[in-house]
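Please look over the model shown here. The report below takes up a sheet, a helix pair and a salt bridge.

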Amino acid sequence: MKFRPYIDNSQIKARINELAGDIISAYAEKKPLFICVLNGAAPFAVDLFRACEDIDAELSFMRLKSYEGTGSTGVVKQVMGLSEKLEGRDIILVEDIIDTGNTMAKLLDDLRQHKPSSIRIATLLFKPQALQHPELHPDYVGFEIPTKFIIGYGLDIDGLARNLNDIYILDED
């Protein structure tokens, strides 16, 4: 497999600052709970959370798994859950990528059972052509991308490449 550069770190940082501005405006009088979906969203979640320094906010983590290699297994497994009380909270769910939407749909169903005040979705990457859940509408989208496999900036291939600062796309030529 060969990957080529796709989105460089300066573009990622600039877009995160824009998203943070939108979040700061929307949550100026609130205290949102950012929930990072591990492992892939960790770099994005931390950078986004820090960029939102003008509001009071909290950060927590949960871990789900639905990928092996370059493809989704179709089964979403919760590996690590939350300990915070979610009832009445404003939640910003932070994900690295939404493609089919299976993981996000399952996660939203689970979180809604805890009766939060609101749930908004922030995703670094969104593949609208791959979405199988038309009811899903991410509120904060870093970049819309084609339905190709990508790595870097938290996104992996079998656990590797998460530490790359830029995002790379599978070169199928």
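The text covers the strands, then the helices, then the charged pair.

This is a predicted model, in which local features need pLDDT of at least 70 and side-chain atom pairs count only at pLDDT 80 or more, while totals for chains, interfaces and linings use all residues. Residues are numbered from 1 along each chain as its sequence is written, and side-chain values use heavy atoms, with hydrogens and water left out.

Helices (H or I, at least four residues) and strands (E, at least two) are DSSP runs, numbered from the N terminus. Two strands pair if DSSP finds at least two bridges between them. An open sheet has 3 strands in the order E1-E9-E8, and the pairing is antiparallel. E1 and E8 are the edge strands, each pairing on one side only. E8 and E9 are joined over 2 bridges, and Ile150 is opposite Ile169 of E9.

| Strand | Residues |
|---|---|
| E1 | 3-7 |
| E8 | 150-151 |
| E9 | 167-170 |

Helix H1 (residues 9-26) packs on helix H2 (residues 42-51) at about 55 degrees, with axes 8 Å apart; axes are lines fitted to C-alpha atoms over the stretch in contact, and angles run from 0 to 180 degrees between N-to-C directions. Contact means heavy atoms within 4.5 Å. The residues in contact include Ile16 and Leu19 of H1 and Phe44 and Leu48 of H2.

The whole structure has 8 salt bridges, each a side-chain nitrogen of Lys or Arg within 4 Å of a carboxyl oxygen of Asp or Glu. In one, Lys13 pairs with Asp47, with the closest N and O atoms 2.6 Å apart. Lys13 lies in H1 and Asp47 in H2, 34 residues apart.
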